[in-house]
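Hi there,

Here is the structure I promised to pass on. Have a look at it first, and then read my notes below.

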Amino acid sequence: MTDMEMVMTVAIVVAGTLLTRFGAFLIFPPGKTAPPFVLFLGRALPSAVMGMLVVYTVKETKVLSYPYGIPELIAVMITVGLHLWKRNMLLSIAAGTVVYMMFVQLVFNVPK
């Protein structure tokens, strides 16, 4: 890639990012109510994204060989329990990730 192509690529990426970030404010200005479908998406998408993350996380878990999916199960239970208790998605995901990594690295120590 030449220098000019790199500059053009970065400029296109910046323009695309700005368009998607500020486009919503142009389409739905302050004071104007959003259409019902957009409001529905605002309520439904966070749960759908979390569901997809859970499926993606546990899709390759081997439950028939050591450690039998135990670290994943414990981490998911910690994440769900903490989220039901505190209602903080960032805290829940971070805690579940830390717990999972500690179990895999320190407790179960599965060689690959």
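This is a predicted model: local features need pLDDT of at least 70, side-chain atom pairs count only at pLDDT 80 or more; totals for chains, interfaces and linings use all residues.

**Annotated segments**
The unreviewed UniProt entry marks residues 6-28, 40-58, 64-82 and 89-108 as "transmembrane region". In the model, residues 6-28 are 96% helix and 0% strand, with 33 Å between the end C-alpha atoms. For residues 64-82 the figures are 68% helix and 0% strand, and there the end C-alpha atoms are 28 Å apart.

**Helix 4**
Helix 4 takes in residues 89-108, 20 residues in total. From first to last C-alpha it reaches 26 Å, close to the 28 Å expected at 1.5 Å a residue. You will find a kink of about 25° in this helix, centred on Met102.

Both ends have something to show. Just after the helix, Asn109 has a positive phi of about 40°.

Which residues of helix 4 are buried? They are Ser92, Ala95, Gly96, Val104 and Phe108, and helix 3 (70-86) is part of what covers them.

**Thr79**
On the helix 3 side, look at Thr79, which lies in that helix. Leaving aside residues up to four places away in sequence, Thr79 touches Ser92, Ile93 and Gly96. Is Thr79 buried or exposed? Its relative accessibility is 18%, so Thr79 counts as buried, the cut-off being under 20%.

Best wishes

Key: Residues are numbered from 1 along each chain as its sequence is written. Side-chain values use heavy atoms; hydrogens and water are left out. UniProt positions are given in the numbering used here, feature names are shortened, and annotations may be inferred rather than shown by experiment. Helices (H or I, at least four residues) and strands (E, at least two) are DSSP runs, numbered from the N terminus. The expected span of a helix is 1.5 Å times one less than its number of residues. The bend at a residue is the angle between axes fitted to the seven residues ending there and the seven starting there. Buried means under 20% relative accessible area, exposed over 50%, partly exposed in between (1.4 Å probe, protein chains only). Contact means heavy atoms within 4.5 Å.
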